[in-house]
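Here's a short tour of a few spots worth a look. Have the model open alongside as you read.

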Protein chains: 2
Amino acid sequence: MGTKLLHDVEILKVSSDGTAVESDVVVPEYALHLVVNGENLATLMCLPEALRELITGFLISEGLVKDESMIRRIRIEEEGGEAQVTLAGDVELPLRLYGKTTVNAGCGSPSLFPRTLDSIRSRELPPGEPVKASCIMRAMREFQNLSELYGRTGGVHAAAILFEDRIACFREDVGRHNAVDKVAGAAVIDGLPRERCAVLTTGRISSDLVTKAIVHGIPIVASRSAPTGRAVEIARMLNLGVAGFVRGRRMNIYAGRERFDTSSVDKDTA
Amino acid sequence: MGTKLLHDVEILKVSSDGTAVESDVVVPEYALHLVVNGENLATLMCLPEALRELITGFLISEGLVKDESMIRRIRIEEEGGEAQVTLAGDVELPLRLYGKTTVNAGCGSPSLFPRTLDSIRSRELPPGEPVKASCIMRAMREFQNLSELYGRTGGVHAAAILFEDRIACFREDVGRHNAVDKVAGAAVIDGLPRERCAVLTTGRISSDLVTKAIVHGIPIVASRSAPTGRAVEIARMLNLGVAGFVRGRRMNIYAGRERFDTSSVDKDTA
């Protein structure tokens, strides 16, 4: 495991003992642009190791080639995040072949289309009233008890909207992203002021998840799981609050500390 | 929670006490085809509830609309799995807007392009030598100890190739799908006979994951987590072995029982 596979980030550790600035490690999300026979095919958000294996497996999985013999050359420019792939003969790229896109489950709905950082750079979130860390911790415990489907099948992710210190909406889906889209959509339909909401999720906080929150104007994302390095970067740049490992009376704040009121965790969650 | 959100499936429960046919519940994956202003936009693999919220959240998340006021009408034909969306004015659909596709991390690489059941129907896997259930259980324990990155960050998924009773390849990624593509790609590059391999994964077994295994000609997928209903259906149709909840000396076989040698679990894993 190369050191490049870990990013150090400064976090604010919150517990009933108070707060402490500490160092934590997160995994990067690396954008690998796949150019096949001179045409842009896709951008894979991945961990930057075993890229040749990833590309080979991906091309076969996605039905672009039947086997390795059809892959003439894979040239990876790791620095630039691009892989030039030469396939034998004329390969019809699937987008033209099918003309539409599937967003698969299990993982649910990723950002289908390249929402580059440029496309959301203007979406910096305005400052707002801090939310009590103790309230997020309590909601997260309540949230996890709500998941009947998870309890019965182990097969779903859940998301919730926290509004005025309580869970205003709770949804499950086979996909982590779908669950977040469902609660964000519910907040829109119910006319909740998104700038005073927070998103709770059971899943890891990846860059596409923070992007969803930012685009919806929701200033906090919290999870019992970990964020990626890219998610933290984007969140810091656009002023989103990110809390990971929210478990019991603890949480790690990775971005947007001013979004959280970390006083009196001990009393409130007692 | 409607009953339609649970599917009953018959499983073979394997433990050191022997085997038993039991009933289990899995969550469905529902294919929702989104048609926006008359054009196919995407197919969301999702849990079939709160579809209006999902569509609203998705359209905003993906930047197709800024807010609800731009959504004129959403007509959902639940039976047919289609939603007709009418947006105000001429909306440039992102595929034309950007001309390429991003596969996001956290969840990694979903099947980008609609690999309908029709496109893989001819890929039925031939029968093969059964793999010892006890061997899969042991490999799964070993496999989970291999993940240093997970241990340090909690932010990755892992996959492995089991070949001749041992782990031949182990890879991690921010995406469950990427991890599987990496080990499948490694098996291709290393020239392993895929028909004698099995895929181990830390993630849930969704339809796109079983599709990857089938397309690569790998006859078994095993996970400590759950499969979806659609994954089980596809696996049964195409003769893939699926074992879920592989934990300690237990596993549930959801499909392809003849792929597993369930004798002597007690002795081998002692």
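## A strand on the inside

A residue is called buried here if its relative accessible area is under 20%. The model is a predicted one, and by that cut-off five of the six residues of strand S14 (residues 250-255) of chain B are buried, so the strand is largely enclosed by the rest of the structure.

What does S14(B) pair with? Strand S1 (residues 7-15) of chain B runs antiparallel to S14(B), with three bridges between them, and strand S13 (residues 241-247) of chain B is joined to S14(B), also antiparallel, by four bridges. Ile253(B) turns up in both pairings: it is the bridge partner of Leu12(B), and Ala243(B) stands opposite it too. S13(B) and S14(B) make a hairpin with two residues between the strands, and Gly248(B) there takes a positive phi near 60 degrees.

## Helix H4 of chain B

Helix H4 (residues 133-146) of chain B has 14 residues, and at 1.5 Å a residue it should span 20 Å; the end C-alpha atoms are 20 Å apart, so the two agree.

## Two aromatic pairs

How many aromatic pairs does a search of the whole structure find? Over all chains, the search gives two. In chain A, Phe143(A) and Phe170(A) sit edge-to-face, 5.7 Å centre to centre with 75 degrees between the planes. This pair links distant parts of the chain, with Phe143(A) in helix H4 (residues 133-146) of chain A and Phe170(A) in strand S10 of chain A, 27 residues apart. Phe143(A) has a relative accessible area of 1%, so it counts as buried; Phe170(A), at 17%, is buried as well.

Chain B has a pair of its own: the ring centres of Phe143(B) and Phe170(B) are 5.7 Å apart and the planes lie at 75 degrees, so this one is edge-to-face. Here the link is between helix H4 of chain B, which holds Phe143(B), and strand S10 (residues 166-173) of chain B, which holds Phe170(B), 27 residues apart. Both Phe143(B) and Phe170(B) are buried.

## Out on a loop

Is Glu164(A) buried or exposed? Its relative accessibility is 53%, so Glu164(A) counts as exposed. You'll find Glu164(A) in the loop between strand S9 (157-163) and strand S10 (166-173) of chain A.

The side chain of Glu164(A) makes a polar contact with the side chain of Arg196(A), at 2.7 Å. As for Lys212(A), 48 residues away along the chain, its C-alpha atom is separated from that of Glu164(A) by 21 Å.

Technical notes:
Residues are numbered from 1 along each chain as its sequence is written. Chains are lettered from A and ligands numbered from 1 in the order in which they are written. This is a predicted model: local features need pLDDT of at least 70, side-chain atom pairs count only at pLDDT 80 or more; totals for chains, interfaces and linings use all residues. Side-chain values use heavy atoms; hydrogens and water are left out. Buried means under 20% relative accessible area, exposed over 50%, partly exposed in between (1.4 Å probe, protein chains only). A polar contact is a pair of N or O atoms within 3.5 Å; within protein, one must be able to donate a hydrogen and the other to accept it, and residues adjacent in sequence count only if both atoms are side-chain atoms. The expected span of a helix is 1.5 Å times one less than its number of residues. Rings of Phe, Tyr and Trp (its six-membered ring) pair if their centres lie within 6.5 Å; planes under 30 degrees apart count as stacked, over 60 as edge-to-face and the rest as tilted. Two strands pair if DSSP finds at least two bridges between them.
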